Amino acid sequence: MDFVQALSDLKDGKINHFDVDPETFPAFQKAWSAFPYQNTVKGIAQRAGKVTYIQAK
């Protein structure tokens, strides 16, 4: 998954959510640290280390 694109799409309202699991978290973290609009995205912890990201309201 292209997390840079997913974060931008989430911020712009093109998608409602996306999920990150422990195996893909390192790639997500790299995209997240470079994402300038972190306050527009919210992570909700799920079971087994999965996190669902949605638009922050």
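Ten aromatic pairs are counted in this predicted model. One of them joins F18 and Y53, whose ring centres are 5.5 Å apart with planes at 25°; because planes under 30 degrees apart count as stacked, this pair is stacked.

- F18 and Y53 are both buried.
- Y53 also forms an aromatic pair with W32, with 6.3 Å from centre to centre and 40° between the planes, and this pair is tilted.
- W32 lies in helix α2 (residues 25-34) and Y53 in strand β3, so their pair ties together parts that are 21 residues apart in sequence.
- W32 is buried, as is Y53.

**The aromatic cluster and a charge over a ring**

- One aromatic cluster is formed by F3, F18, F25, F28, W32, F35, Y37 and Y53.
- Y37, a member of this cluster, has K11 over its face, at 4.6 Å from the ring centre.

**K14 and its loop**

- The loop between α1 (3-12) and β1 contains K14.
- K14 has a relative accessible area of 62%, so this residue is exposed.
- In sequence, K14 and Q55 are 41 residues apart, while in space their separation is 11 Å, C-alpha to C-alpha.

Methods:
Residues are numbered from 1 along each chain as its sequence is written. This is a predicted model: local features need pLDDT of at least 70, side-chain atom pairs count only at pLDDT 80 or more; totals for chains, interfaces and linings use all residues. Side-chain values use heavy atoms; hydrogens and water are left out. Rings of Phe, Tyr and Trp (its six-membered ring) pair if their centres lie within 6.5 Å; planes under 30 degrees apart count as stacked, over 60 as edge-to-face and the rest as tilted. Buried means under 20% relative accessible area, exposed over 50%, partly exposed in between (1.4 Å probe, protein chains only). Helices (H or I, at least four residues) and strands (E, at least two) are DSSP runs, numbered from the N terminus. A charge sits over a ring if NZ of Lys or CZ of Arg is within 6 Å of the ring centre and within 35 degrees of the ring normal.
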